[in-house]
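Student: I would like a close look at one single part of this structure. Could you walk me through a helix and the salt bridges around the chain, please?

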Amino acid sequence: MTDPQVTIIVSPRERFSHTRNSLESIYQHTEYPFQLIYVDGNSPSHIQRYLEEQAAEKGFELIRTNHYLCPNHARNLGLRQVNTKYVVFIDNDVEVTPGWLKTLVDCTEQTGATIVSPLICQHLPLHAEIHCAGGESRVKVETKGETSRRRIIEKIYQQGRLVADVRPQLQREKTGLAEFHCMIVRTEIFDQLGFLDEALLNTKEHVDFCMLVTEAGGSIYIEPESIVTYVPGPPVEWSDLHFYMLRWSNAWEMASLKRLRDKWNLTEDEYFQKKYSTLGRRRNYTIISPLVKSIFGRRIHRLENIMIKLDRALNNYLTNSYAHKHLQNKQNSVPTHLAKPKITASSRN
């Protein structure tokens with residue numbers, strides 16, 4: 001077998017409880033040769049043991065830190081180990097379909113694309129509802145008199161539509177947006193751009209990356225013949241909760257938005273004001289509202305508002321504690337390599 005052209009980097013998105021489903025999906029449905037690097041940012045002990053067993057059995061490289069990781073930090077830990085022509089970034093809550101990887105590689109080879117996105121679906125049942133079928137990411141300059149505004153344009157196509165309804169209309173084509181749920185990238189682009197921006201802690205990192213690639217003269221394609229699905233939270237196990245709350249913390253989101261604003265010299269317009277006003281919304285609708293409804297059988301808005309205030313205080317405590325511990329114990333940032341990479345393919349189950 002020739003050396004693989006592709007390295008798959010699996011990194012934690014928001015929880016760990018979908019780890020087994022995601023990893024088994026990759027090995028079951030990927031016939032095309034690949035190397036795999038799994039970045040494990042402080043998963044609970046039962047997930048850690050499972051990943052160690054799988055790394056020993058299948059021969060992939062496992063990188064573990066004993067603290068939680070923001071997504072771009074996790075991706076960069078894997079990216080530093082990549083020496084193949086292509087790298088695939090995929091989250092640890094994504095399941096794939098047969099032929100997904102070969103289809104992405106074929107598209108990249110035939111078009112010369114820098115990034116190719118599969119058709120990304122969302123939720124269960126798998127591969128039924130579209131999350132992203134390409135989109136737009138760019139800065140629009142609006143001038144009125146002597147005043148100019150630099151606005152961020154971010155659009156996702158076909159979100160919420162059923163695959164069965166729109167798939168005949170979808171075709172391979174250039175697009176302006178891909179998401180880190182799953183994308184294949186020409187590794188050489190990082191020689192121009194450097195590593196992914198770790199100051200974007202939890203949001204809009206895909207927008208930033210796509211704009212950088214476009215600015216560098218690269219191209220982005222959507223390949224709808226390759227289909228994957230990400231299965232979002234809520235955190236279904238207690239061991240998911242701490243990471244989930246940190247991952248979607250107010251502090252991380254605010255820092256990310258300010259980084260995006262300053263990096264691209266964007267006007268702090270209604271786009272940002274809306275984002276600022278809805279900080280914590282994900283925790284509200286995935287944790288607080290379902291909890292109240294499960295206890296009382298219905299939503300009680302007054303109680304939810306009280307819990308939201310408590311959640312904000314707890315969230316501030318968690319993010320401050322994490323920042324203090326992480327900065328005071330820099331040795332915790334050193335990853336542990338538990339297995340060395342080998343040529344792997346789905347036939348090695």
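Tutor: Happy to! Let's start with helix H7, residues 205–215: nine of its eleven residues are buried, so this helix is largely enclosed by the rest of the structure. Buried here means under 20% relative accessible area, exposed means over 50%, and partly exposed is in between (1.4 Å probe, protein chains only). Helices (H or I, at least four residues) are DSSP runs, numbered from the N terminus.

Before going on, a word on the source: this is a predicted model, in which local features need pLDDT of at least 70, side-chain atom pairs count only at pLDDT 80 or more, and totals for chains, interfaces and linings use all residues. Residues are numbered from 1 along each chain as its sequence is written, and side-chain values use heavy atoms, with hydrogens and water left out.

Which residues of H7 are buried? They are Glu-205, His-206, Val-207, Asp-208, Phe-209, Cys-210, Met-211, Leu-212 and Val-213. Just after H7 comes Gly-217, which takes a positive phi of about 95°.

Now look at Glu-205. Its side chain meets that of Arg-75 in a salt bridge, at 3.5 Å from N to O. This pair links distant parts of the chain, since Glu-205 lies in helix H7 and Arg-75 in helix H3 (residues 71–79), 130 residues apart. A salt bridge is a side-chain nitrogen of Lys or Arg within 4 Å of a carboxyl oxygen of Asp or Glu. Glu-205 has 7% relative accessibility, so it counts as buried; Arg-75, at 2%, counts as buried too.

For a contrast, turn to helix H1 (residues 19–29), where Arg-20 and Glu-24 lie four residues apart, about one turn of the helix. An α-helix has 3.6 residues a turn, so residues three or four places apart point the same way. Arg-20 forms a salt bridge with Glu-24, and their closest N and O atoms are 3.8 Å apart. Arg-20 counts as partly exposed because its relative accessibility is 44%, and Glu-24 is partly exposed at 40%.

The side chains of Arg-138 and Glu-136 meet in a salt bridge of 3.4 Å, N to O. Arg-138 is partly exposed, with 39% relative accessibility, while Glu-136 is buried, with a relative accessible area of 17%.

Conventions:
Helices (H or I, at least four residues) and strands (E, at least two) are DSSP runs, numbered from the N terminus.
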